[in-house]
Amino acid sequence: MFSMFAYDGIWTTFPVFDIIYIAICGVCIISSIIYYFVRNFKNNDRKILGSKRFIGLCIVAVSMVFAGLFYSVNNFYLTLLTLGIVLGFVLVYVLLVKCTEGDLKKLVSVSLVTLGVIMITQALVYYIGVENIIENISIKGITFGWAGSSAIAFMFVAIIPSTFYLAYISKKRYAFDILAVVFMLLALITNCRSMLLAVAVVMPACVIYSFIKARDKKEKLFIGLFYGIIFVILCITMFTFGRDIFLGFIGNIGFNGNGRKEVWTYYINKFIENPIFGVGYFTNNSGIAYIGSGIINRAHDFPLQTLACGGIVGALCFIPYFIQKYKLLFTKFSMYKMFMVITMVPWSIYALIDNAYLSFPKILMFIILFFACEVESDETREEWKGKITLNKKIVNKIKTDTDENVELNKKEETAK
């Protein structure tokens, strides 16, 4: 559905389009959930409560519902809206637990890369309609309708590690290496400051790790030559006509421009107003929300966002979630989890100066990514499949005892 809305102007071109869009999306989403559950439900032994991440996710969900409690601007409608959204994310996680089986690393990676390819087509459609591409890049003009330049850049950068993972497990990695470079270039031309930093970390980390884990000398030679050439071309391009576009933009406003100081000051004051439960994640007063954010309170900094919107209670409720998440990430460490650690780099950078935790595509993406890590973890797999393992042990014990009895009977008959 993303590909239908490549132009932000479609919302103003068709006044009733938002109502039609919401209706279509609602029908498609509900129908998809029902079909997916009926078609893919697995009668497996995975217990929802057996997942360590589920408890942390529910604690965060409850804290978000209570966010804004005792704050005058908050009301029942906003609380109901928050409840519906957090229940939606919990439902996605439950569907993943009960409707999937086996190793999900490849499936999740392919899904993300496919999303990246769709976004490439959206970028092409967008830039075809732009008169002056250089000027558009210099002012961060790109938008897909469902996301602005910063969110677009984040998605491209976050997909890069999954692309490298597919390159590693693929017999012919060349196509995925080319895709990784395309994702990097598209992230760069969004001119998003935080993602320029993220690319400078993510891309070298993926290349170096892929080089170390290469199967043979031939693959190492290809990785070294291919990305070496790309790096040289990129440097030459950047320090010729690209310097004024990218470095000039950052030089003019720095990394805290575009009104962020004012926004941060504003939400610090909001936290002071209601420090226990915050002001809530949504508002019915557009005057207290950041320009262009609609009814969502956006502090453009995750720690401040949590304190201002959820208060001290909300911030404390995030602690178990993050402990569980990072414990999962570093328990039974593997190559896939290494690429997920690299994926966390753009998210962490983005969260400090933008809204990484209040963007639904990003939240869904990371629920799925971490679920793949959860299934991949030996500890979690044993916990979920403990009953199966126990049953197998019982069956094997019965079989062994039976075989021993048969053998003993044969010996007794022979002795007689």
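The side chains of Arg-215 and Glu-219 meet in a salt bridge, with N and O 3.3 Å apart; the term stands for a side-chain nitrogen of Lys or Arg within 4 Å of a carboxyl oxygen of Asp or Glu. This is a predicted model, in which local features need pLDDT of at least 70, side-chain atom pairs count only at pLDDT 80 or more, and totals for chains, interfaces and linings use all residues. Residues are numbered from 1 along each chain as its sequence is written, and side-chain values use heavy atoms, with hydrogens and water left out.

Glu-219 is buried at 9% relative accessible area, while Arg-215 is partly exposed at 45%. Buried means under 20% relative accessible area, exposed over 50%, and partly exposed in between, with a 1.4 Å probe and protein chains only.

The structure holds four salt bridges. In one of them, Arg-173 pairs with Asp-177, the closest N and O atoms being 2.7 Å apart. Arg-173 is buried at 4%, and Asp-177 is buried at 0%. Another joins Lys-270 and Glu-273 at 3.3 Å, N to O. These two lie three residues apart in helix H12, so about one helical turn separates them. Salt bridges with shared partners link Arg-173, Asp-177, Arg-215 and Glu-219 into one network.

The chain has 17 helices and zero strands; both are DSSP runs numbered from the N terminus, helices being H or I of at least four residues and strands E of at least two. Of its 416 residues, 45% count as buried. Ile-276 lies in the loop between helix H12 (260-273) and helix H13 (302-330), and is partly exposed at 43%.
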